[in-house]
Amino acid sequence: MKYVNDSIKKIDSDALLRGKGVYTDDLSPKDALWIKVVRSPHAFAKILTVDDRLTMRVPGVEMVLTYKDIKRIPFTRAGQNYPEFSPYDKFILDEYVRHVGDDVAIVVAENEKSAEMGAKRLKVDYEVLEPLLDFTIAEGHSTLVHPEEDNFIPVDSAGYQREKNLAGEIGFDIGDIDEALEQSDVVIRTTYESQAQAQSMMETQRAFSYEDVYGRLVVVSATQVPFHLRRTLARALDLPMSKIRVIKPRIGGGFGSKQSVHAEVYPALVTKLTGKPSKIVYTRKEVFKGTTSRHKMRFEVTLGATKDGDLLGIKMNGLSDTGAYGEHANTTMGTTGKKVMPIYNKVKASSFHGKAVYTNNLPGGAFRGYGVTQGTFALESAMNELAEKLKMDPVKLRERNMIKKGETTPLYNLIREGLPPEPVYMNSCELEACVKRGKERFQWDERNRRIEREKDFLKKKGKARGTGMAIAQQGSGLPKVDMAGATIKLNDDGFFTLLVGATDLGTGCDTILSQIAADALEVSMDKINIHAADTDLSPFDSGAYASSTTYTSGNAVIEACRKMRVLITEYAAKVLEEDEEDVSFQQGKILTSAGKELSLEEFSKVITYSLVYEQLTATGSFVPKIPVPPYMAGFAEVEVDLDTGKVELLDFVGAVDCGTAINPALARVQAEGGIVQGIGLALFEDVNVSSKGKLKNNSFMQYKIPARNDLHRIQIELIEGHDDTGPFGAKAIGEIVVNTPSPAIIEAICQAAGVRIRSLPATPEKVWKAMNNRHYVPEK
Amino acid sequence: MKINININGREKEIEIAPDDYLSEVLRKEGYLGVKKGCDTESCGVCTIHLNDVAVLSCGTLAAKAHGKSVTTIEGVDKKAERIRHEMAKRGVDQCGFCGPGTIMSILYLERVTTNPTDSEIKRYLKGNLCRCSGYVGQLEAVKSYLEGGHNEVCE
Amino acid sequence: MITIRNYYFPKGIEDAYNKLTERKSNALIGGGAYLKLGSKAIGTAVDLSSLPLEYIDEKETGYEIGAMTTFSKVMLHEGLNRDFDSLFQRAIENIVGMQLKNMVTVGATVYSRYGFSDFLTALLVTNTKVKLFKEGWVPLEEFLENGPEQRDLVEKIRIEKTRGSYSFQDLRKSSSDYSIINLALSKEEHRYRLAVGARPRRAKLAVKTADFLKDRTPSEETMEKAGELLAGELVFGTNARGTKEYRKAMAKALLKKAFLEVSAHED
């Protein structure tokens, strides 16, 4: 292997760092119509009248669209496999607005200033309705967030009950949980809550569209899901899918925020209606109140264990606030159990039940971790509580109960449809190594001893330190759900074009897939030209989510390359007039057993211009067959200021098993970036909503993401692993990295200050109030 | 109104409205490396040098730049080669949206400080948010760059 | 969203003042940072950056800082740091980013009297006067309390040099956030000055508490009593960053830290 496991510079690096105009807005036509969306100031209201007279008088304004101007077709914004587990509960524009920031009207103008002025001057009359904002009372509440009867869900088993404000419901049980708890010497019953977190990628949503020379609608968007977008737009706009093309240029980050259909709908609609190019660029405020964020969730966790620390049963009851729209509701609720509980495979019983409810809060959506983050926070925090109650080292408690290499759990067969009935063995599970190496790197025992020694000295200075740890898993793609395709084409100078549907949103998968292709074909990387995410040219790919680009798309690339090698050998035999068995393609050269040699360049010229006249192309498709989870162990040391409650994260060690790291530098950055997002989740990020459902922090001035001074030391251990089903042994790393910081940090705070923070984030005031026994009342 | 500004060494006369902001004007003039990431002067992706001082172009009225010199990422193409190399080899270029603004801040830091500590480097770059990289590798890249680039990527 | 109809480069301070007061819709542009966050229709924007108002003059008895001096210049000024125990550096370094520090000006900050300002809290514990063009010299304390008598413009501020010890304390949820609360303490000669800002209201002197500290050492008892006095003397409130109760308690906690620091500087 020449390129796999090498930290190659990203192939688009220069263009990005030199500031080339390669992002969506940079490519938009200069004469595009500008679109501004008027958004609701109310959490729940009915639009009575829209008066656009002043708007239309603004010079440059071309038109105003309301729900009355658009054919009413329900769809889901979720970028998911079809049929979606998300309700079709969104209309391009509707008579009802269901959250502060919901779209009301579309203003179209010649330039941005006119569009902005026009939007400002639009007069909308609302019948303001009483919003439902408390997700704990939403189920069965008299206020129906979705009173309309023409919405539905394409999948019956998703537990959708519109009339009860239920967007989704999932449950699974294995073994007898009540019996397991009865047999336990120690039972922990506890509740944990995590907050809505905004993805906060640097580039906001934006898209533009135009009609191509064939009269087709072309949509250029910073999307993670070009194929799902095409399908959804076709439905929402009542156009055949064949009339739509989606192109994805460079993206300035997404983290799940762009795994839903947001900005694209408006220019697509406007171009469809006018035939003119049109564009929209979301303001940051608009991203905060008009898109989605991580689902706020609450869990009741019950753990039962023997006094020696054998976990006998786990029960998790989850409630998720999906806000005004149900995209990703069922699936994010499901993963909190499905991709969290299997990590403890020695239990006698597991019981999971989760419900996602509608409210008039801002919608929840996809955000790195996708439910696993929230579920891990709850379960791992409960495990740390258990360790404390058992007076057992939390590392030892994990080592005793966690899944190890070669082991299995019947949960996998239960929770995944379409899996074979045979047990699914975690043959590449390196969780044990993660815990061991992470513990060593963190110097767990020595550090804890040191903290104990320095306790009094620190206390005099008003400080206290503590440590905490947590383990996690995620998935690599979605077994039997999401597939990826790759096509490889040989050009007439011996170089290849690699067509993939995979969406690089900054993660570097264009580079990684090229590395894989280069090694699969045994050619140098400069012989691979990758072209990605254009629905006209690319083979199908579900998109960048569920940690799938390396594993799923990577395997599709390998399959395509394998087929290409066969083709090369077959046609080389024809050209050289040899038997196929005597011809081989190795190290980029065609060789015969008789000693003849033919370069790829010569070969490709010959078959194109003479002799054979064939275009060699090969396509590979791949869908994961079984769950192939990456694993991680995270260790944190914090210092708490005992006077103020402020928590400083002094050190964090993350040990990750992602199988083979195709590009170690990129894998390491994924880990560091994800951990830092986890730190924000643990300590200060909070989508803060008023009692009227209004978002209080709708800018980067108010909503703070981690800045450089918020972390001291982060250390990453990449555990060398290998999964036989993965491309060159790779699994995934994209999402798992955000899961361990919250539970590890919360535990560290507990060890330091003696207080257990049960709802994130652990702000200074919360910690202080806990230390001073004052009940925390969130600011309304 | 017309303003005269020197952009990346070229004298330009540009027609602007009094309430135009410099970031929009620069983008219209084709300097697409100047980006927009927020509405509140909080993220740093629009960072440029105004008379050699690092400022947020989104918070600077274009009229203020009259008679001054502006340097964008496009104007430091050669100068930024080494820092690009340090960032790229650590994979901290990621989505690239914070990249140009961060590089402008790094070049400013280099000019106005001598042997900055980690703490100083962080302070100078604090106004450049990054959501992808977690900042760790970027700090290493800057340190290596300032030391002449002799450092290997940390394991 | 702001709109501006005309842009004006004044030829002198008087010219700037006259243009400003010509019409109610006219406004001054200092550094210009955060201007667009408001919603204003400006008739003529008067840009002060062409005037010679950017300077830090170290005189024997004090410093005179021109209104257009940026925060970064103040933060990095050797003399100011030396004479005031890096008080201003501590206050200014929290402002997110070198870029903003290169844009925000002393004059605009003083005139705005923003509640969240760390700089104003620090400045308030020094002996500082503000020179307004029309009104003339006004003690900072008075200016923060009452604002200008009429529309005016800040020309400069003057900070008296005294032998003293200074401390600035702040508390925030994350390093790039605004203060939940901030506090500054100074001991010049034997006199204490104590200011608390981001209450969430703007910085104000706690005179009674400052007097109480006179001739005392930072014992547990003193700190407890001082904290109680402080919580009672100033008005604290609740907003998204913190509750009233927490701010009161934190004023106490920060006072303790500041007192210890000032006492340590003395030694």
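Domain bounds here come from an automatic or database domain assignment. The model shown in every view is predicted.

**View 1. The two assigned domains of chain A.** Domain 1 of chain A covers 428-476 + 628-780, and domain 2 covers 484-622. Taken over C-alpha atoms, the centres of domain 1 of chain A and domain 2 of chain A are 42 Å from each other. The two domains touch. Domain 1 of chain A puts 16 residues into the contact, and domain 2 of chain A puts in 15 residues. On the domain 1 side of chain A, the residues that touch domain 2 of chain A are seven nonpolar, seven polar and two charged.

**View 2. The two domains of chain B.** Chain B has domain 1 (2-73) and domain 2 (81-146). Between the C-alpha centres of domain 1 of chain B and domain 2 of chain B there are 21 Å. Their contact joins twelve residues of domain 1 of chain B to eleven residues of domain 2 of chain B. Strand E3 (residues 47-50) of chain B supplies the largest share of the domain 1 side, three residues. That side of domain 1 of chain B holds six nonpolar, five polar and one charged.

**View 3. Chain A against chain B.** In this contact, 42 residues of chain A meet 40 residues of chain B. On the chain A side, the elements giving two or more residues are helix H1 (13-17), helix H8 (284-290) and helix H18 (664-683) of chain A. H18(A) has the largest share of that side, eight residues. By class, the side of chain A that touches chain B has 17 nonpolar, 13 polar and twelve charged residues.

**View 4. Chain A against chain C.** Here 19 residues come from chain A and 16 residues from chain C. Helix H20 (residues 764-771) of chain A gives the most to the chain A side, with three residues. The side of chain A that touches chain C counts six nonpolar, five polar and eight charged residues.

**View 5. Helices H10 and H11 of chain C.** Helix H10 (residues 220-233) of chain C packs on helix H11 (residues 244-266) of chain C at an angle of about 135 degrees. Their axes are 9 Å apart. The angle makes H10(C) oblique to H11(C). The crossing of H10(C) past H11(C) is right-handed. From H10(C), the contact uses Met223(C), Ala226(C), Gly227(C), Leu230(C) and Ala231(C). From H11(C) come Lys248(C), Ala251(C), Lys252(C), Leu255(C), Lys256(C) and Phe259(C). By class, the residues of this contact of H10(C) with H11(C) are seven nonpolar, one polar and three charged.

**View 6. Helix H4 of chain A and its packing partners.** Helix H4 (residues 112-120) of chain A has these buried residues: Ser114(A), Ala115(A), Met117(A), Gly118(A) and Ala119(A). The buried residues of H4(A) pack against strand E1 (33-39), helix H3 (53-57), strand E3 (61-65) and strand E5 (103-109) of chain A.

**View 7. The surroundings of Thr24 in chain A.** Thr24(A) sits in helix H2 (residues 24-27) of chain A. Thr24(A) counts as buried because it has 24 C-beta neighbours inside 10 Å, and the cut-off for buried is 20 or more. Neighbours within four places in sequence aside, Thr24(A) is in contact with Arg206(A), Ala207(A), Phe208(A), Val220(A), Ser221(A), Ala222(A) and Pro249(A). Val500(A) lies 476 residues from Thr24(A) in sequence, and the two are 19 Å apart in space, C-alpha to C-alpha.

Notes: Residues numbered from 1 in each chain as written. Chains lettered and ligands numbered in written order. Predicted model: local features only at pLDDT ≥ 70, side-chain atom pairs only at ≥ 80, totals over all residues. Contact = placed C-beta atoms within 7 Å. Helix = DSSP H or I, 4+ residues; strand = E, 2+ residues; numbered from the N terminus. Nonpolar A, V, L, I, M, F, W, Y, C, P; charged D, E, K, R; others polar. Buried ≥ 20, exposed ≤ 12 C-beta atoms within 10 Å, placed from the backbone. Axes fitted to C-alpha atoms, helices over the stretch in contact; angles between N-to-C directions. Parallel < 35°, antiparallel > 145°, perpendicular 65-115°, else oblique. Left-handed = near helix turned anticlockwise from the far one by under 90°.
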